[in-house]
Amino acid sequence: MSHHQISRRDFMRASTAAGVTFLTPTMLQASSRPAGVPANERVRFASIGNGVRGCEIMRAALACPGTEMVATCDLYDGRLTAAQEYAHKVLPTTKDYRAILDRKDVDAVLVAVPDHWHARIAQDACAAGKDVYCEKPMAHTVDDGFAMVDAMNTHNRIVQVGSQRRSSIVYAKAKELFDRGFLGQVNAIEAWVDRNDASGAWVYPIPPDASETTIDWNTFLGSAPKRPFDPKRFFRWRCYQDYGEGLPGDLFVHLLTGVHTILSVKAPPARAATMGSLSRWTEDRDVPDLVWTLYEYPTFRLSLRCNLNNESPEVTRLFGTQGTLEIKNDVLTAWPQDTEPKPEDYSILGWPEKLRNEYLANWRKEHPSPEPGHYPLRESAQTFQAPPNYDYTVDHMNNFMESVRTRRPSVEDAVFGNHTAIACHMANYSYFHKAMAVWDAEAKQIRG
Ligand SMILES: NC(=O)c1ccc[n+]([C@@H]2O[C@H](COP(=O)([O-])OP(=O)(O)OC[C@H]3O[C@@H](n4cnc5c(N)ncnc54)[C@H](O)[C@@H]3O)[C@@H](O)[C@H]2O)c1
């Protein structure tokens, strides 16, 4: 009998197999109800994937009003334990996500599994009538992304992708400045995330109890090629194309979400050209540690860089005819260009003095200084910063919970998530094919 069958069958029963005491759903429903929130507005959720991000978004979900965690799923025993520790409660646990989807007391699932599992779980969850918060990047392949969009539409579910800049008050301010024309026409944007340590390069420590007894390795592999148990692949999956998309899928996607949000982008880029290299973290990975991509969008060009070999603050910078906007870490600064009309003083240097003086006199006549008392005040540099305790992941999760409750469309649905994911795939396509990646919207394919 497979691991799947065992865990699914036993899921609802009390068990001590993994050192965990299970509660029945009835006991759980009575156990915790957030104060002041009517019971009929409570969103009951379960987590699928409780690694680093799974625990973060679980905590974010628990910080939102009117939520209750009812069950949890992961492939590694240690993370089933960790989830319950973070939730401060004993939960039903399983290694088979389908057992979560079978539960009647689950309204929504938080999916924080490696990228190659996103599409299958999200599609099954939609078909089971669950709303889905799915971590970024939404999809491992272009086909996966469109299948997820179809599942969201066919089953009429709320699907929200977990790229939290979409709900950030800092990015909302940037969008407001852009929309009201503070920057004028923006034709160039650059952004980067650079790191310089082992954790940043995904060389995470392996828990000492990692083994085929504590981990369901075959399920982890899923649609990826079969191979013998390898804890490095399990815990450092980002390093391998079988499970992740390297730097574009891990980090470009955040930069893309920010840019697509500010400029209301509603399609993937037209073209992408990537240069990159693997120069330092050369062991046990098949993805580069530097990726530098130039994207072509209809009205602007975007340069994205992720480098795992030098630390520098995270920046997104927009260059416009009227102003420049920079978001450095969480601080937004916008400053105007000097667009005051000025007489030409460079190219007239070679004119005879008489012509030069006439030109300057005419210019001053055509551009008179305002009368005293009529000088307008000019907008100058502005800075905005989120308060120190602000967590945009909680805002993003709260938006999801509100959508689940009210059926208001998700702030970052599968269509939005698909556009940023496709841009990540285009960056990788260009790097690995050493060619320009061209988005063929009609064929829904990347072409060389
Ligand atoms: N939004 C963000 O800022 C952010 C940050 C980090 C990670 N992420 C995303 O979150 C996802 C998870 O990343 P992570 O860093 O938490 O990885 P992780 O390796 O720490 O955790 C993944 C967990 O998923 C479990 N898992 C794998 N396949 C499963 C399956 N079929 N069913 C149930 N559980 C399964 C594993 O056991 C593991 O515990 C990724 O898509 C990643 O890109 C997003």
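This is a predicted model: local features need pLDDT of at least 70, side-chain atom pairs count only at pLDDT 80 or more; totals for chains, interfaces and linings use all residues.

Q: Why is helix 6 described as roughly parallel to helix 7?

A: Angles under 35 degrees count as roughly parallel. The angle here is about 10°, so helix 6 is roughly parallel to helix 7.

Q: Which residues make the contact?

A: Helix 6 contributes His118, Ala119, Ala122, Gln123 and Cys126. Helix 7 contributes Asp144, Ala147, Met148, Ala151 and Met152. By class, that contact has 7 nonpolar, 2 polar and 1 charged residues.

Q: What span does helix 7 reach, and what is expected?

A: Compare the end-to-end C-alpha distance with 1.5 Å a residue. Helix 7 has 13 residues and reaches 18 Å, close to the 18 Å expected.

Q: Which residues of helix 7 are buried, and what covers them?

A: Buried means under 20% relative accessible area. In helix 7 the buried residues are Val142, Gly145, Phe146, Met148, Val149, Ala151 and Met152. Their cover includes helix 6, strand 5 (131-135), helix 14 (414-433) and strand 15 (437-440).

Q: What follows helix 7?

A: Asparagine 156, with a positive phi near 55°.

Q: Is phenylalanine 182 buried or exposed?

A: Apply the cut-off of under 20%. Phenylalanine 182 has a relative accessible area of 7%, so it is buried. It lies in the loop between helix 8 (169-179) and strand 7 (186-194). Among the residues that phenylalanine 182 touches are Leu177, Gln322, Trp335, Pro336 and Glu379.

Note on methods
Residues are numbered from 1 along each chain as its sequence is written. Side-chain values use heavy atoms; hydrogens and water are left out. Axes are lines fitted to C-alpha atoms, for helices over the stretch in contact, and angles run from 0 to 180 degrees between N-to-C directions. Helices (H or I, at least four residues) and strands (E, at least two) are DSSP runs, numbered from the N terminus. Angles under 35 degrees count as roughly parallel, over 145 as roughly antiparallel, 65 to 115 as roughly perpendicular and the rest as oblique. Contact means heavy atoms within 4.5 Å. Ala, Val, Leu, Ile, Met, Phe, Trp, Tyr, Cys and Pro count as nonpolar, Asp, Glu, Lys and Arg as charged, and the others, Gly among them, as polar. The expected span of a helix is 1.5 Å times one less than its number of residues. Buried means under 20% relative accessible area, exposed over 50%, partly exposed in between (1.4 Å probe, protein chains only). Lists of a residue's contacts leave out its neighbours within four places in sequence.
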